[in-house]
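Please open the structure in your viewer and keep the selection tool at hand. We shall go from one selection to the next, and at each stop the text says what is there.

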Amino acid sequence: MSFLLRIAHGLWIFCALIQATLLWLVARRRVYQQFPFFMTYLIWLLLKTAVPLAMDYAPFVTGDQYYYAYTIGRAGAAVLSFGVLYELFTKTLCNHRALRDLGSNLFRISFVILLVFATALARFVPAAGTGQRMAELYLLERTVSVLQIGLLLFLFVFSRYLGVSWRSRAFGIALGFGILASVTLATTAIRSQVEPVVRSGVSDIIDLINEGALLSCNLIWLGYLLGFESTPLPPPRLPDDDLGPWNQELRRLL
Amino acid sequence: MTISIAIVVCSIVVLVLLIRLARRQYIVARRQENPADQIRSVDIEAFRNLIDPHEEQYLQERLPAAEFRKIKRQRIRAACDYILCAAHNAGLLLSLAEAARHSPDPQVVAAATRLIDNAVRLRLYALQAIPKLYIALWLPVGRRSHVALADRYETMVRHVVLLGLRYPAGSISSAL
């Protein structure tokens, strides 16, 4: 095992520990009441990290078995991540009466548009490289990452334009997701094109980057979960003389 | 391969944007500024005049075609400026109302919720109104949404005044 791969394994183990802590925190602080999909996603994420880790060290596990476990883990995480994104859309936008229906409709519309774009991208830039089976898997992951980033960017830009305030936990979840998805997009874009049959130095570096991104994402979630929900501060000054506009309003009413 | 490199570059840009956004969120959460200092003045009667179809018809009947088109473009630009100012003010009021929504007084919470609802609607209207105004340069489209925007702005000002009766709203209602 190379030095880089050893570090990546260390990060992998650390990630599993952080994810277990996250899950405990979510249960203890009852965050699941507010974000049930996020809780489910975390459970799956822990399984997705811990099961392949155990399989990697088990001598009797074959390459095919590992591949299927890895694929199922990634597919489940991708599906659940869209659930979390939907939750973020509805929680951020549906807080306001004016946006109640708009939140879910916008999610659907932007999802369809991004799906068309990501599918076209997969069609025109297909998987290459000698390790075809893994390259195709990375191509699928790249497609999912495009969708995730597109939805998150749309949510950030739209909520910023409307001036909708983010709850700190929702913002933390979205930020963690965004960082993970953007790093995954970059690494899968490379891997889907140059994936070799046998692991190389490039594979080790990319694994290390991926593990680092997952760890950063988990630490961001941990930080935002440990902190309390912030409430906006009231304006600093006490009211000045507002009698002018009040009189104007009274005159209008009379 | 070129597209793959472009994807990598895009994802790095997104990553940088996200980090900057997180930093900004952190800074904004700690910054205490009086929103009244940033309010831009909006003359709603002047705006109503700019979007009034009768006024436009009056100008069309009395001016040569070329001059009318020039005046119409200027009026649309001015109307867009008003809309942008109104949307900017709505954004500032949103931050004030968000803070007021956490008040222990239920009447303050109710007033703040109404203000938020109005400010969000106004920003949505503004998003639709500007492209519609530019389309109106070439096509005769309805002005109902612009009238709704003016009405919404007046309602929002009224809600600020009501909120200011119970909550430290600074000199916002005077600034509006």
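Begin by selecting H3(A) and H4(A), where H3(A) passes H4(A) in a left-handed crossing; a crossing is called left-handed if the near helix is turned anticlockwise from the far one by less than a right angle, and right-handed if clockwise. The contact is made from the side of H3(A) by residues including Phe37(A), Tyr41(A), Trp44(A) and Met55(A), and from the side of H4(A) by residues including Tyr66(A), Gly73(A), Leu80(A) and Glu87(A), where two residues are in contact if their C-beta atoms, placed from the backbone, lie within 7 Å. H3(A) covers residues 36-57 and H4(A) residues 63-93, and the two helices pack at an angle of about 165° with their axes 9 Å apart. Axes here are lines fitted to C-alpha atoms, for helices over the stretch in contact, and angles run from 0 to 180 degrees between N-to-C directions. H3(A) and H4(A) are therefore roughly antiparallel to each other (angles under 35 degrees count as roughly parallel, over 145 as roughly antiparallel, 65 to 115 as roughly perpendicular and the rest as oblique).

Before the next selection, a word on what is on the screen. This is a predicted model, in which local features need pLDDT of at least 70 and side-chain atom pairs count only at pLDDT 80 or more, while totals for chains, interfaces and linings use all residues. Residues are numbered from 1 along each chain as its sequence is written, and chains are lettered from A and ligands numbered from 1 in the order in which they are written. The model scores ipTM 0.75 and pTM 0.76.

Now select the whole of chain A, which has nine helices and zero strands; helices (H or I, at least four residues) and strands (E, at least two) are DSSP runs, numbered from the N terminus. Buried residues make up 37% of the 254 residues in chain A, a residue being buried if 20 or more other C-beta atoms lie within 10 Å of its own, exposed if 12 or fewer, and partly exposed in between, with C-beta atoms placed from the backbone. Among contacts in chain A between residues at least 6 apart in sequence, 78% join residues at least 24 apart.

Next, pick Arg30(A) in the loop between helix H1 (3-28) and helix H2 (31-34) of chain A. Is Arg30(A) buried or exposed? Arg30(A) counts as exposed because it has 9 C-beta neighbours inside 10 Å. Its phi is near 55°, a positive value in a residue other than glycine. Most residues other than glycine have a negative phi.

Move on to helix H6 of chain A, residues 132-162, whose 31 residues reach 45 Å from the first C-alpha to the last, close to the 45 Å expected at 1.5 Å a residue (the expected span is 1.5 Å times one less than the number of residues). Just after H6(A), Gly163(A) takes a positive phi of about 75°.

Finally, select chain B, which has seven helices and zero strands, and in which buried residues make up 35% of the 176 residues. The mean pLDDT of chain B is 76, pLDDT being the predictor's confidence in each residue, from 0 to 100. Where pLDDT is low, the predicted coordinates should not be read in detail.
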